[in-house]
Amino acid sequence: MLPESIPKTVTSYIDAAWVTPAGHDTLPVIFAANEQQISEVAEANAAEVHRAVASAKTAFETGVWSRASVATRKSVLLKVSELILANRDRLAELEVAHTGAPLAQAYGRHIPRAAANFEFFAEYIAQASNPVFEQNPDYLTYVRRDPAGVAGLIAPWNAPLALASMKVAGAIAFGNSCVLKPSELTPLSFVPFMELLSEAGVPPGVVNMVNGRGPVTGAALVAHPDVDVVAFTGGTSTGRLIGAEAGRGIKKVVTELGGKSANIIFADADFERALDAALVAIFSNNGQQCLAGSRILLQREIAEKFVAAFVARVKRLRLGDPYDPKTEIGALISAAQMERVLEYARQAADTEGVEILAGGKRSELFDKGFFVEPTVVTAASNALPVCQEEIFGPFATILTFDTEDEAYAIANDSEFGLVAYVWSQNIARVMRATDALRAGMVWVNTPLTRDLHAPFGGYKHSGVGRDGGDWSRALFTEEKTVTVAARDFAIAQLGKG
Ligand code: NAD
């Protein structure tokens with residue numbers, strides 16, 4: 001059941017106050033499970049984005065946060081983390097209201113992750129240090145890190161709070177001010193989120209939020225001359241535009257983009273664990289995840305048995321009301337996303353070399369809602385669109401291979417390079433796989449894992465740059481190398497004849 005209280009209109013949050021953009025367009029927010037409008041967004045235009053950036057810049061220049069002690073920032077970040085957990089019910093119910101994804105995902109993964117993001121960066125800044133170079137006895141050279149300035153943070157709809165809060169936590173941990181633009185489809189949970197940042201003690205102007213469509217609000221944010229650094233998570237085609245615009249403005253930028261990750265299962269894998277994990281990797285969050293294991297590569301010896309077991313489990317996935325805690329697959333985010341997934345299914349039905357083993361159609365269980373049956377296809381060639389294109393839904397494509405080299409060649413034959421999953425109990429094979437695979441993360445004998453200390457990001461068209469620990473610090477700080485004379489060494493005597 002939808003929560004009783006849903007924000008009626010989501011406006012902008014500037015200087016710790018809700019403000020309605022002048023002369024704004026209004027965008028609907030839809031509950032994907034019944035197709036009803038449940039709220040609306042007051043879209044921020046370029047003038048409104050300017051107000052938000054100006055607020056961030058002023059806050060930055062006062063030093064109220066940018067020069068606050070690490071101890072102060074750490075305690076505020078820990079308080080944010082605590083408040084997220086204390087408000088987890090409210091945040092989770094709003095996440096479900098705007099995504100249509102199962103409550104179990106919001107409650108079990110995304111809200112704890114949002115809290116963990118703040119806790120992680122609180123602890124990180126308390127421990128971080130910078131290098132000192134003393135190889136030359138004449139000088140002491142050391143590195144300082146200053147906050148980069150104003151950060152423009154652009155987030156997608158698939159895990160709204162978990163992904164946006166990673167950017168906010170990273171930006172403010174290092175002393176930056178920021179302007180966040182969530183996806184226009186998923187603004188609701190950001191209303192309590194912004195308020196709890198203020199409650200935790202984040203000073204006004206340090207975190208601002210604008211809402212609206214990418215080409216309107218997002219583009220104005222990226223192009224704004226006072227935005228110093230851009231962190232973007234979203235689709236590859238948008239990433240291209242954002243990278244180009246950031247390049248024009250000589251801004252620091254990280255882009256975390258799409259994926260078509262290979263889940264390679266060798267004959268010597270622990271069969272049952274690999275089966276459980278393959279389901280998790282492609283069907284959690286309705287398959288709407290950049291890191292989804294959407295291409296399952298099976299070694300021929302186990303392919304038949306694995307496919308039979310996998311399809312049997314897929315047919316038993318519980319599709320339904322996203323508020324039912326037992327639901328495993330909810331509704332897709334929008335009519336457009338549902339159409340996109342169904343179009344791939346229609347294409348698959350018409351393509352030689354592709355066979356649909358489960359799903360492939362809109363669910364008949366519901367009159368309303370963007371429900372698609374979890375879908376499994378086999379593909380005869382990795383060149384087919386179902387193997388090359390990111391579908392971003394509950395849609396698994398299965399391929400078969402004979403040799404190890406063939407598996408790596410198929411996995412790497414992709415414009416993307418976000419994750420590669422490997423299942424094998426042979427350590428030598430695992431080591432060869434981690435060597436051969438061209439992906440930002442290689443997950444061995446495990447489904448989705450994220451250690452916030454480690455870099456996260458992709459090769460190739462899955463993005464440029466990384467976030468996590470030191471890599472977030474590199475994005476959100478400017479390095480300043482300071483060199484101090486350590487003794488009175490000889491200086492050339494110019495002009496003395
Ligand atoms: P999207 O690219 O359509 O939108 C992402 C964000 O960018 C939204 O806030 C949108 O409003 C904004 N935007 C769109 N056009 C813009 C423009 N011209 N200028 C500035 N901002 C603009 O992506 P989406 O549909 O929201 O999310 C799904 C995509 O995100 C998938 O491709 C998925 O793989 C990717 N994703 C990647 C990661 C990762 O870490 N690599 C994580 C989650 C999702």
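On the side of domain 1 that touches domain 2, β4 (26–31), α3 (88–99), α4 (103–127) and α8 (236–248) each supply at least two residues. Helices (H or I, at least four residues) and strands (E, at least two) are DSSP runs, numbered from the N terminus. The model is predicted: local features need pLDDT of at least 70, side-chain atom pairs count only at pLDDT 80 or more, and totals for chains, interfaces and linings use all residues. Residues are numbered from 1 along each chain as its sequence is written, and side-chain values use heavy atoms, with hydrogens and water left out.

Domain 1 spans 9–257 + 463–482, and domain 2 spans 262–444. These bounds come from an automatic or database domain assignment. The C-alpha centres of the two domains lie 31 Å apart. Each domain gives 27 residues to the contact (heavy atoms within 4.5 Å).

About 2,100 Å² is buried between the domains, 58% of it from carbon and sulfur atoms. Buried area is the accessible area (1.4 Å probe) that two parts lose on being put together, summed over both. E35, P102 and W157 supply 25% of the area that domain 1 buries against domain 2, more than any other three residues.

One salt bridge is found across the interface (a side-chain nitrogen of Lys or Arg within 4 Å of a carboxyl oxygen of Asp or Glu). R362 forms a salt bridge with E35, with the closest N and O atoms 3.0 Å apart.
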